[in-house]
Amino acid sequence: MHVIRGGRVADVDGTREADVVIADGEIVAVGPNAVAEIGGGEAVDVETDASGSVVAPGLIDAHVHVMMDGRPDVATAVSDSDYTASYRAAGNLRAALEAGVTTVRDLGSRGTLALDAGEAVADGEIDGPRVLACGRNVIMTGGHGNWFGREADGPSEVRKAAREQLKAGADVLKCMATGGVLTEGAVTGAPELTPEELEAFTDAAAPTDTPTAAHAHGEQGIKNAVEAGITSIEHGTFMDREAAEMMADRGTYWVPTASALRGIVDHGVEAGIPEDAVEKAEDAADRFDDAWDHALEADVSIAMGTDAGTPFNFFADIPRELAYMVDHGLSPEGALEAATVNAADLLGLDDVGRIEEGYRADLVVLDADPTEDVTAWQDPEAVFAAGERTE
Ligand SMILES: [Zn+2]
């Protein structure tokens, strides 16, 4: 058994003094008397001194693309071989883990790349966070991300496309309800899949209770997706008050991906990002501030996601998203909740997000309390994934 001793523990239940005992990848005791609870010091083989530090749950990123590496122009990755994309994914996953991210959800990579990456991590072939994945994105012909998505038109074809992903082992289904920033010619907020197609999409996921995610910037596309019963709205950049209220009513999660807009707006054309994408991102930035106001006012449930892999949005920087969320008005406690229990709930996981007996030992050791200083997430002293310490 392994004990992390002498520190404080911070999760959604607050910050308190506690030791954490880990065995077989699981948390087996937490509290000031945790070591006594497991039968005393003799049972402890390894000890990590956490005095002065804070132990928090590993972060959960609900929106990444493991095959992308933050290059300015995503379109240049089209010609890379599948092998190159796979090695890149392995590098991204290692970077995420070292940054304290212990679970990621891939919302669109080519073929079965991300699904296979999840298996490679589970089998110990590569180091990385636990990976849940959607397989291929379901999009209308010519829609956003058509260069790697599964194009489908009409309810029956969309249903088939969704079922193909489930057959391939998808943990979540992802579709495009509107255009996007990074596909040249696509209009950012314009609806793409129709309400009927979205219905067929969520219907395909229903029998297995598989979560569904919709990329949606424009308010109409957001509302179409919410009405179809989608589990999470990704980006939600132009969310208006009505959309926010609909989401709060139905319990639809919002995954804001603030890092994605920042990556584009902060670097711009000079850094090699296509002009079309920069213009669209700049237009979106103001509206995104309003979206936050509406979401916070309506009390929409927020889960953390970054869209890591998009321009200048690196896997190593994922923990910055919590600080961005706080910039937008969320409390540091709210950011912790978004990146732990809310993201776990969205992903359908009940064994991560808390420091509690029976939970997976996915932990970060931080030099400050992240509910007092949200930047504390950005430089973990140690990271544990299922109890294994990452060097
Ligand atoms: Zn994305």
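I began with the ground rules: the model is predicted, local features need pLDDT of at least 70, side-chain atom pairs count only at pLDDT 80 or more, and totals for chains, interfaces and linings use all residues. Residues are numbered from 1 along each chain as its sequence is written, and side-chain values use heavy atoms, with hydrogens and water left out.

I looked up the domains, whose bounds come from an automatic or database domain assignment, and found domain 1 at 2–57 + 353–389 and domain 2 at 59–347. Taken over C-alpha atoms, their centres are 30 Å apart.

I then turned to contact, meaning heavy atoms within 4.5 Å, and noted that 18 residues of domain 1 touch 20 residues of domain 2. For buried area, the accessible area (1.4 Å probe) that two parts lose on being put together, summed over both, I read about 1,600 Å² between the domains, with 73% of it on carbon and sulfur atoms. Thr-371, Val-374 and Trp-377 supply 35% of what domain 1 buries against domain 2, more than any other three residues.

I also looked for salt bridges (a side-chain nitrogen of Lys or Arg within 4 Å of a carboxyl oxygen of Asp or Glu), and the count between domain 1 and domain 2 is zero.

Last, I sorted the residues on the side of domain 1 that touches domain 2 and recorded eleven nonpolar, three polar and four charged, where Ala, Val, Leu, Ile, Met, Phe, Trp, Tyr, Cys and Pro count as nonpolar, Asp, Glu, Lys and Arg as charged, and the others, Gly among them, as polar.
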